[in-house]
Amino acid sequence: MADFVGAIDQGTTSTRFMVFDRAGHEIGRHQLEHRQILPGAGLVEHDADEIWENTLKTIDVALADAGLTPADLAAIGITNQRESALIWDRATGRPCHNVIVWQDTRTAPMIHTLDAGFLRERTGLPPATYFSATKVQWMLDNVPGLRDRASRGEVLFGTMDSWLIWNLTGGEQHLTDVTNASRTQLMNLHTLDWDDELLRLFDIPRVMLPEIRSSAEVYGKAFGVPIAAAIGDQQAALFGQTCFAPGDAKCTYGTGNFVLLNTGTTPVRSTHGLLTTVAYRFGDDAPVYALEGSIAATGSAVQWLRDQLGVIDSASESEQLAARVDDSEGVCFVPAFSGLFAPYWRPDARAAIVGLSRYHTAAHITRAALEAICYQTRDVVAAMAQDSGTELDCLQVDGGVTANALCMQLQADILGVPVSRPAVAETTALGAAYAAGLAVGFWSSTGELRANWREDRRWTPSWTEQRREQGTTRWRAAIDRTLDWVSLG
């Protein structure tokens, strides 16, 4: 067998290809950003063709830089931004509209008419613009002729895993896995199949949907290499962090923040604003479920400081700028650009920076942006403790923001528990590689994967309980000021 496994990590802001060896060490990578298309307030789109072209480029460059060829790969796994929706022509492969990204809020007027109890019972998800169903419905209703074409089976819907698999197999396979399907709001969480009542509710023809498969099996080949895994990015990170036992949890910091708690083979219903989702399913094994706290804007708040305000030239500069001050001095930044996700689920909220005076500088605002990442995570961790009945004694973290040591120290201070970063911080790609490797026998068991996990750095809390409570009280007051900002009627 070949000595390496590859992973395509198709994220919200970039696509990367990474290569790992049997010990889980990174051997090579290449990453390319794609455009964030913003046609208007609350609208976020991607160019699907650009993402596909970038995918091919990242594979070519990563392999070349590592001195490898496709023949050196035992398998390729795919992980992807979830919920973002695309419809493309079955015959030509041309997109019928830009990808509507998970952050997009154009379907907000459609949300308030939906039955929250029914949706939560059937899908584990609340009514929200976040999920794919209303995005597909919007395209069918607003792109001329698209609904008729969909009814005739001339167009296909998929999340980004489906788009990549379809292209990698030359249009032969129209597939998704259970983790991505569980985020469309069209899959029944119990049967793990598309639900006819949900399809009628959102008026989406079944003929345009991909086949739902497990997260780790051979779907086809690309460049002669088995495509052996597809798994949503946050579930992939859970797997890459080797959170295989009920009670294991992780937080991934990227465009947004996502805290997942493994709940085993029984779905746990949240009563505190979390999502019930499929964590993974391998082959014919029973599915494993998770509770999830999804936060819409964390790393994207830093990106906003860079791209829209211009107060920093790169995301890494946020740490140096924020470190110029010891405290945000009363400033709170709530980055509710697309409303608030877990545990609030308030699409009417909008971003706000509050507590400003003439004394405050860009350093205070930047520090407040880092604190916002951590307070939002605290909100979700508190809800998770209420739903699960267990308190975290350590938070395992991964993702790009974990390179910001100040932010991770703030996270430990605001949570009041240690924060642990693994040696491979990009565990999303690692999880996809692990799943693909298991599917083809490159790794023999999850125990072998656990043996690969290594801690790189740990941050311990330094704040007093009084400071922590004062900060949380101020944060909640800031949250209140973002609500009821837009009308959804």
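Predicted model: local features only at pLDDT ≥ 70, side-chain atom pairs only at ≥ 80, totals over all residues.
Figure 1. Helix α9 itself spans residues 233-240, and because eight of its eight residues are buried, the helix is largely enclosed by the rest of the structure. The buried residues are D233, Q234, Q235, A236, A237, L238, F239 and G240.

**Figure 2. The nonpolar cores.** The largest nonpolar core comprises 100 residues. Those with the most contacts inside this core are F20, Y130, Y253, Y280, W345, L370 and M408. Helix α12 (residues 362-388) contributes the largest share of the core, 13 residues. A second, separate core contains 31 residues, including A150, L189, L199 and F202.

**Figure 3. The surroundings of L370.** L370 is one of the residues with the most contacts inside the largest nonpolar core. Leaving aside residues up to four places away in sequence, L370 touches V302, S318, A322, N404, L406, C407 and L410.

**Figure 4. The largest pocket.** This pocket has a volume of about 960 Å³. Its lining consists of 44 residues, of which Y253, G254, T255, G400 and V401 lie nearest the centre. At least two lining residues are supplied by each of β2 (14-20), β3 (26-33), α9, β13 (249-253), α10 (299-309), α11 (317-322) and α14. Among these elements, α10 gives the most, with five residues. Sorted by class, the lining has ten nonpolar, 23 polar and eleven charged residues.

**Figure 5. The second largest pocket.** The volume of this pocket is about 650 Å³. It is lined by 25 residues, and L38, V44, W304, Q308 and F337 are the closest to its centre. The lining includes eight nonpolar, twelve polar and five charged residues.

**Figure 6. The largest cavity.** Three cavities of 30 Å³ or more are found in a search of the whole structure. The largest holds about 90 Å³ of space. Of the 13 residues that line this cavity, V424, L430, N452, W453 and R454 lie nearest its centre. Helix α14 (residues 427-440) gives the most to this lining, with three residues. By class, seven lining residues are nonpolar, five are polar and one is charged.

**Figure 7. The second largest cavity.** About 60 Å³ of space lies in this cavity. Its lining is formed by P127, A128, T129, Y130, S338, G339, L340, F341, W345, R346 and P347. Seven of the lining residues are nonpolar, three are polar and one is charged. Y130 and W345, which belong to this lining, are also among the residues with the most contacts inside the largest nonpolar core.

Terms used:
Residues numbered from 1 in each chain as written. Heavy atoms only, no water. Core = buried A, V, L, I, M, F, W, Y, C linked by side-chain atoms within 4.5 Å. Buried < 20%, exposed > 50% of the residue type's maximum accessible area, 1.4 Å probe, protein only. Helix = DSSP H or I, 4+ residues; strand = E, 2+ residues; numbered from the N terminus. Contact = heavy atoms within 4.5 Å. 1 Å grid on protein atoms, 1.4 Å probe; cavity = no way out; pocket = protein on both sides within 12 Å on 5 of 7 lines; lining within 4 Å. Points joined across faces, edges and corners; volume = space filled by probe spheres on them. Nonpolar A, V, L, I, M, F, W, Y, C, P; charged D, E, K, R; others polar.
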